[in-house]
Amino acid sequence: MRLSRYFVPTRKEDPADAEVVSHKLLVRGGYIRMLARGIYDFLPLGWRSVRKIEAVVREEMDRAGALEVMLPAVQPSELWEESGRWTEYGPELLRFEDRKGAKFCFGPTHEEVITDLVRGEIKSYKQLPLNLYQIQTKFRDEIRPRFGLMRGREFIMKDAYSFDADLDSAQESYQAMFDAYHRICKRLGFDYRAVEADTGNIGGSASHEFQVLADTGEDEIVSCTECDYAANVEKAETRVESKERDESAMVDLETVDTPDARTIEEITAFLDKPADQVVKTLIYRAGDQPVAVLIRGDHQANEIKIAAALRDALELEFTELEMATDAQTEKATGAPVGFAGPVDLDIPVVADMAVEGLSNFVVGANKKDAHHLNVNYGRDFEVAAFADLRMARAGDKCARCGGTLESNRGIEIGHVFLLGDKYSKSMEATFLDENGKAQPLQMGCYGIGVTRILAAVIEQNHDDDGIIWPMPIAPYQVLLTVLHPDNDDVMGAADEIYGELQEAGIDVVMDDRDAGIGAKFKDADLIGIPLRITLGNRGIKNGEVEVKWRHEEDRSSVAVEEAVEFIKEGVKDAMEGR
């Protein structure tokens with residue numbers, strides 16, 4: 001392909017709405033254009049890279065034994081009503097009606113559709129295990145689409161679904177996909193972590209996110225510096241070194257005035273107390289039940305952990321956990337927000353494990369502008385349960401080995417779930433076991449964001465001048481930059497090299513445009529093709545071409561007659577990660 005005939009509308013200026021590097025460079029480099037918020041056109045260069053990402057994903061899915069299908073993007077509401085997600089999924093689900101008034105949605109995921117397909121065909125344990133996948137367009141009506149392809153509304157995703165006869169076999173299928181995702185990330189050259197994660201509205205008993213490390217990532221993850229434990233902060237476990245309280249050191253409870261001191265910062269400043277000696281009392285509503293949650297002042301509450309603890313320890317049944325409103329808080333505690341405390345509180349109290357070792361700490365007095373000092377649980381109030389209720393953070397102890405946790409930002413490009421029978425039970429997807437008894441299928445689902453990968457790669461591979469593509473997914477492997485296309489000798493050498501590279505199966509594009517040298521080099525750096533070969537008057541007279549790798553500053557010269565073999569070897573090494 002020749003750039004003189006190519007559609008590659010580069011821009012000098014960043015788009016006004018772009019916040020992250022990948023969005024800026026994909027627009028400036030002529031890879032994408034926005035059609036509507038969170039919805040993008042893929043231009044020729046962008047689509048070539050998307051297809052190469054798909055190829056890597058497809059190869060690893062096939063290698064893992066998954067079979068490719070294509071399912072409808074438009075899905076009938078009846079299937080979602082069977083699973084219970086028609087109302088549960090929320091406003092991100094794009095719902096609409098056809099001309100006859102039948103209700104449909106544009107699929108954000110395909111658990112319901114694939115379960116419907118399999119329940120109609122799988123009858124016996126002899127047909128299991130089965131793993132089906134597709135690469136297809138999805139739509140989620142994000143409330144705040146941003147960061148270009150990293151949080152769009154329409155996107156391309158690979159989603160796979162495994163079906164097994166029992167939990168042991170389902171875990172083997174899960175591990176096969178987990179391993180396949182590791183291979184994909186390594187082939188793409190990512191610096192990444194596979195982290196334990198919450199199952200969210202997909203559901204199931206276990207899940208892992210594949211997080212690409214980047215300062216622009218929306219997720220915070222923690223990983224141990226001494227073992228392989230890693231988790232999203234929403235899921236990460238923390239270790240609290242147990243210490244016994246010296247009950248003889250307990251001081252009598254005291255109530256003091258704290259006018260307008262509501263926040264931890266205000267309370268610590270007013271009382272001259274460290275934040276780890278102040279306990280905040282957060283009032284939540286678990287369905288209709290108000291509950292008090294105690295968290296140390298220097299820690300942040302984790303509502304996912306809190307919800308799990310309330311279900312497990314207090315055996316509460318509820319759909320959503322919500323922070324109580326100001327009015328609900330005042331009704332439950334008798335005081336405005338900022339002055340709640342566990343003493344004489346007539347609702348259940350649960351506390352984070354870090355509170356258990358405290359003594360003589362500060363809490364709200366359930367009275368406006370007042371706090372209690374020298375508070376001790378057991379003597380001054382009771383705790384229904386202690387549990388891990390807070391967000392993990394850098395410096396915490398690893399729950400697995402006692403090592404130290406470090407924190408990073410991450411871009412989630414893949415997520416695997418062990419679903420169990422969540423969908424098969426609700427949708428009556430069963431098979432006959434060895435004894436002829438009907439059993440629900442054990443399922444797993446596995447998503448990877450193809451178009452999000454395009455952005456994540458750039459977040460990790462760029463400089464001030466533009467994109468630096470890894471060889472496996474660059475739109476082209478080699479760029480032949482012709483500085484003097486009007487010179488027959490130069491153009492003749494370029495055509496010969498170009499033809500030989502094409503015959504050798506090298507992805508090559510030639511910049512034969514009638515443009516200035518500076519403009520060509522700037523576009524080359526912006527577009528980011530890994531290997532640039534430059535041909536000009538002076539070089540051809542000397543029988544040489546200039547060679548420059550996009551990720552290196554240095555340039556070198558290679559004899560014209562050796563150029564093709566040099567390029568072939570360089571591309572091969574780069575494709576193999578050498």
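## Conventions

Two strands are taken to pair if DSSP finds at least two bridges between them. Helices (H or I, at least four residues) and strands (E, at least two) are DSSP runs, numbered from the N terminus. This is a predicted model, in which local features need pLDDT of at least 70 and side-chain atom pairs count only at pLDDT 80 or more, while totals for chains, interfaces and linings use all residues. Residues are numbered from 1 along each chain as its sequence is written, and side-chain values use heavy atoms, with hydrogens and water left out.

## Strand β23 and its partners

Strand β23 (residues 405-420) pairs with strand β10 (residues 206-213) in the antiparallel sense, over eight bridges. Within that pairing, V212 lies opposite I411 of β23. Strand β11 (residues 219-224) also runs antiparallel to β23, joined to it by six bridges; here D219 faces G410 of β23.

A further antiparallel pairing links β23 to strand β26 (residues 442-449) through six bridges. F417 has C445 in β26 as its bridge partner.

## The three-stranded sheet

Strands β4, β6 and β5 form an open sheet in the order β4-β6-β5, with antiparallel pairing. Its edge strands, β4 (74-76) and β5 (94-97), each pair on one side only. From one strand to the next, the twist averages 35°, where axes are lines fitted to C-alpha atoms (for helices over the stretch in contact) and angles run from 0 to 180 degrees between N-to-C directions.

Four bridges connect β5 with strand β6 (residues 103-106) in the antiparallel sense. L94 has F106 in β6 as its bridge partner.

A second open sheet has five strands in the order β30-β29-β31-β32-β33, with mixed pairing. Strands β30 (508-511) and β33 (556-559) are the edges, each pairing on one side only, and the twist averages 25° from one strand to the next. Helix α16 (residues 563-575) packs on this sheet, touching β29, β31 (531-535), β32 (544-549) and β33; contact means heavy atoms within 4.5 Å. The direction of α16 makes about 10° with that of β32.

Strand β29 (residues 478-482) and β30 run parallel and are joined by four bridges. T481 stands opposite D511 of β30.

## Helices α1 and α12

Helix α1 (residues 21-28) and helix α12 (residues 450-460) have axes that come within 8 Å and cross at roughly 105°. The two helices α1 and α12 are therefore roughly perpendicular to each other, a label for angles of 65 to 115 degrees. The contact involves V21, S22, L25 and L26 of α1 and L454, A455, I458 and E459 of α12. By class, the contact of α1 with α12 has six nonpolar, one polar and one charged residues. The nonpolar class is Ala, Val, Leu, Ile, Met, Phe, Trp, Tyr, Cys and Pro, the charged class is Asp, Glu, Lys and Arg, and the others, Gly among them, are polar.

Helix α12 is mostly covered, with ten of its eleven residues buried. Buried means under 20% relative accessible area, computed with a 1.4 Å probe and protein chains only. Among the buried residues of α12 are R452 and E459.

## Cysteines

The structure holds zero disulfides, a disulfide being a pair of cysteine sulfur atoms within 2.5 Å. For C105, the closest cysteine sulfur is that of C445, at 16 Å, which is too far for a bond. C185 is likewise in no disulfide, with the nearest cysteine sulfur, that of C445, 17 Å away. C105 counts as buried because its relative accessibility is 0%, and C185 counts as buried at 1%.

Methods: Buried means under 20% relative accessible area, exposed over 50%, partly exposed in between (1.4 Å probe, protein chains only). Angles under 35 degrees count as roughly parallel, over 145 as roughly antiparallel, 65 to 115 as roughly perpendicular and the rest as oblique.
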